[in-house]
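Hi there,

Here is the structure I promised to pass on. Have a look at it first, and then read my notes below.

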Amino acid sequence: MTTTTQYESFASKLDGFYASQQPHFDDGFAPECDPFAEAEPPAVYPLSVAFADELPDTFTPPDELVQGVLTAGDGSVLYGDSNSGKTFFVIDMACAVARGVDWIGKKTEPGLVLYLAAESPASVRGRLQAYQRFHGVRVPNFVIVQSPIDLFDGEADADKVIKLVGMLENKRGQKVRLIIGDTLARLSAGANENAGQDMGLVVRRFDRIRTECDAHFLLIHHSGKNAAAGSRGWSGIRAAVDTEIEVTDSPAGRCCEITKQRDLPTKGERIGFKLDVVTLGETKWGAPATSCVVVASDAPVKQTGKRMGECEGAVLEFLAARRTGIKKSELAKHFDSRYERSNVYRAMRTLVTAHAIHEAAGMVCIAEVAK
């Protein structure tokens, strides 16, 4: 009995000790330390979110595909009038990406280029041949899609583009960095360019392709009838892209201007260029078969105010071809058969104000000559 009583006394004291040392225990276990208790699952939000107070202290700058011009994985529109040189300009930039070389003094991220030549595959092939002949190189990693592409009527062609990108990356062992759609009108055949309900479908598939492929998607587009209003069609296209580029051709020279830039500080930057003719062979009639290539040039002075009129354009073209000064009275007399002299003098004043021509001592000349 003595032994039993001593044991019970010891057990009672031990229970009291545990109770005093761990008063939060319930039945001998702390819930927060229970190895068998199920952890609360993390919250699963229906949309991707980021908390401001959890952002890192270090800033990651935008990943640039073409320095100051295109950002990786985003979307852009490059537009201009017919024959402004926009396709030549895009091909020249795309070849630099495919080759992994600098482009007009700008760095590029090398990678595969996929060119959706929906408008004229033969023309694109010829321009690539001209580029290779002019530069004395073979351009690797540049793939021309020669089949029609429809991003308006269903998902089928978007599926094909995405599948093709995966196949090319597996075959070449590198990433498709740039997809070019030539032109938006051909990629959206049958859609009303001015209707958001139509073009919204095209934009959605455009976004799907660039997102799933993690590639920059550049659309080549046309100017509207009112050049000051920007590209043709639904204004939502401009809002949907990260970068917008306008290509212009005037008697003062060709120019590419960045008119929208979401993440880079280069809005308003102007890149001048000219086109050099390259002879590729002969037609069946024995005439030269030619194409053009882009050559870097100084950007012409930006015109201010309204778009250049016909008379201003004629005066500027005459002075650009002449390359030497001429008396204002002689210039006005030169156009007697086409314009009233008062209109010619007004055109000269407009061009001087726009810094397109230089005036001194009653004479005028093209601004480039006056430098």
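Is Met348 buried or exposed? Met348 is buried, with a relative accessible area of 2% (buried means under 20%, exposed over 50%, partly exposed in between, with a 1.4 Å probe and protein chains only).

Before going on, please note that this is a predicted model, where local features need pLDDT of at least 70, side-chain atom pairs count only at pLDDT 80 or more, and totals for chains, interfaces and linings use all residues. Residues are numbered from 1 along each chain as its sequence is written, and side-chain values use heavy atoms, with hydrogens and water left out.

Met348 sits in helix α10 (helices are DSSP runs of H or I, at least four residues, numbered from the N terminus). Not counting residues up to four places away in sequence, Met348 touches Val315, Lys328, Leu331, Ile357 and Val364 (contact means heavy atoms within 4.5 Å). The C-alpha atoms of Met348 and Leu331 are 9.5 Å apart, although 17 residues separate the two along the chain.

Now for the core. The largest nonpolar core has 36 residues (such a core is a set of buried Ala, Val, Leu, Ile, Met, Phe, Trp, Tyr and Cys residues joined through side-chain atoms within 4.5 Å). Helix α2 (residues 86-99) gives the largest share of this core, 10 residues. Tyr115 is one of the residues with the most contacts inside the core, and its partners beyond four places in sequence include Phe142, Ile180 and Val90. Another core, of 31 residues, lies apart from it and includes Ala118 and Ile237.

Happy exploring!

Key. Helix = DSSP H or I, 4+ residues; strand = E, 2+ residues; numbered from the N terminus.
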